[in-house]
Amino acid sequence: MEMMAVEERMEEGMKEGVKVGGKIETPVIVLNEKAYTESVGEKGFELAEICEEVAVETGVNIAICPHQVELAMIASVVNIPCFAQHVDAVEPGSHTGFITLEAVKEAGAAGSLVNHSEHRLRIAEIDFIIKKAASLDLLMIVCTNNIAVSKAVAELKPYAIAVEPPELIGTGQGVSKVDPGIVENTVKEVKQVDEESIVLCGAGVTNGEDVRAAIELGADGVLLASGVVKAKDPRAVLLDLVSGL
Ligand code: G3P
């Protein structure tokens, strides 16, 4: 990565303005880059660029959750929605190593994932975060592990719920194919509580068939990670995923 190129793109990004608040169009593919080696530094930058290019080329909505350390940089150079992977339920102040919603907004993110199965929070913390995010015009995607938890979280009125059975994460066995019931019933239960809520599904999603199945089950999109991040050719995988919409 040429430093000048990054600086030029950052300037360009600043001119265009970062995307904060509002709504993300659906259906949407959300890529959680987690803490994989491929998400950091030059590789993370390239991955974000590929996502942006595929979004522009295909007209499909793709949002990314860059590595936390890269969030501000990536959000300033790509023109697709960027989300934090996690935020903490704290006000700005004396909290070492915590991530505030204010910092996420300042980084140019559209919002944040929260309560991922790899980074769970207590329900009171999720409630705090959803309320505070709304006041800051940030979109919260709350991860859940089953139908009952999804229904409970829907009562808190987050922007989106992403149901992910933890046992399928990283397996390459797409939830929409392996466990269609959890997707279909989460959609049904969540929309009964809050019609407006977006419902995503994730865990093991790797190809267009998984995406197609998710949409047919009523999901508004998918949340995935390893299928793209660890792929030899992330662009090809993204194009395949997009073909399922
Ligand atoms: O947040 C998405 C994630 O938990 C799913 O992971 O690797 O199964 O797509 P993966």
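Lysine 132 sits in helix H5 (residues 123-135); helices here are DSSP runs of H or I with at least four residues, strands are runs of E with at least two, and both are numbered from the N terminus. Lysine 132 is buried, with a relative accessible area of 14%, where buried means under 20%, exposed over 50% and partly exposed in between (1.4 Å probe, protein chains only). Keep in mind that this is a predicted model: local features need pLDDT of at least 70, side-chain atom pairs count only at pLDDT 80 or more, and totals for chains, interfaces and linings use all residues. Residues are numbered from 1 along each chain as its sequence is written, and side-chain values use heavy atoms, with hydrogens and water left out.

**Around lysine 132**
- The side chain of lysine 132 makes a polar contact with the side chain of glutamate 91, at 2.8 Å. A polar contact is a pair of N or O atoms within 3.5 Å; within protein, one must be able to donate a hydrogen and the other to accept it, and residues adjacent in sequence count only if both atoms are side-chain atoms.
- Setting aside neighbours within four places in sequence, lysine 132 is in contact with Val90, Glu91, Leu101 and Glu102, contact meaning heavy atoms within 4.5 Å.

**The ligand site**
- Which residues surround the ligand? They are Asn32, Lys34, His116, Glu164, Ile169, Gly170, Ala203, Gly204, Leu223, Leu224, Ala225 and Ser226, each with a heavy atom within 4 Å of it.
- On the backbone side, an N or O atom of glycine 204 lies 2.8 Å from an oxygen atom of the ligand, and a polar backbone atom of alanine 225 is 2.8 Å from a ligand oxygen.
- Serine 226 uses its side chain: an N or O atom there is 2.4 Å from an oxygen atom of the ligand.
- On its own the ligand has 310 Å² of accessible area, and the protein covers 100% of that (Shrake-Rupley method, 1.4 Å probe; for residues, only the protein chains shown count as cover).

- Lysine 34, in the loop between S1 and H2, has a positive phi of about 50 degrees although it is not a glycine. At 11% relative accessibility, lysine 34 counts as buried.
- Alanine 203 also has a positive phi, near 110 degrees, in a residue other than glycine. Alanine 203 is in the loop between strand S7 (198-202) and helix H9 (208-216), and counts as buried at 5% relative accessibility.
- Threonine 26 and proline 27 are joined by a cis peptide bond, with omega about 0 degrees; proline 27 is in the loop between helix H1 (3-16) and strand S1 (28-32).

**The sheet**
- Eight strands make an open, parallel sheet in the order S2-S1-S8-S7-S6-S5-S4-S3; two strands pair if DSSP finds at least two bridges between them.
- Strands S2 (61-65) and S3 (83-84) are at the edges with a single partner strand each, so one side of each has no neighbour in the sheet.
- Strand S4 (residues 111-114) and strand S5 (residues 139-144) run parallel and are joined by four bridges, with valine 114 opposite valine 142 in S5.

**Nonpolar cores**
- The largest nonpolar core has 63 residues, and Ile62, Ile64 and Leu241 have the most contacts inside it. Such a core is a set of buried Ala, Val, Leu, Ile, Met, Phe, Trp, Tyr and Cys residues joined through side-chain atoms within 4.5 Å.
- Helix H2 (residues 41-58) gives the most to this core, with seven residues.
- Apart from this core lies another, of 17 residues, including Val28, Cys65, Ile141 and Cys143.
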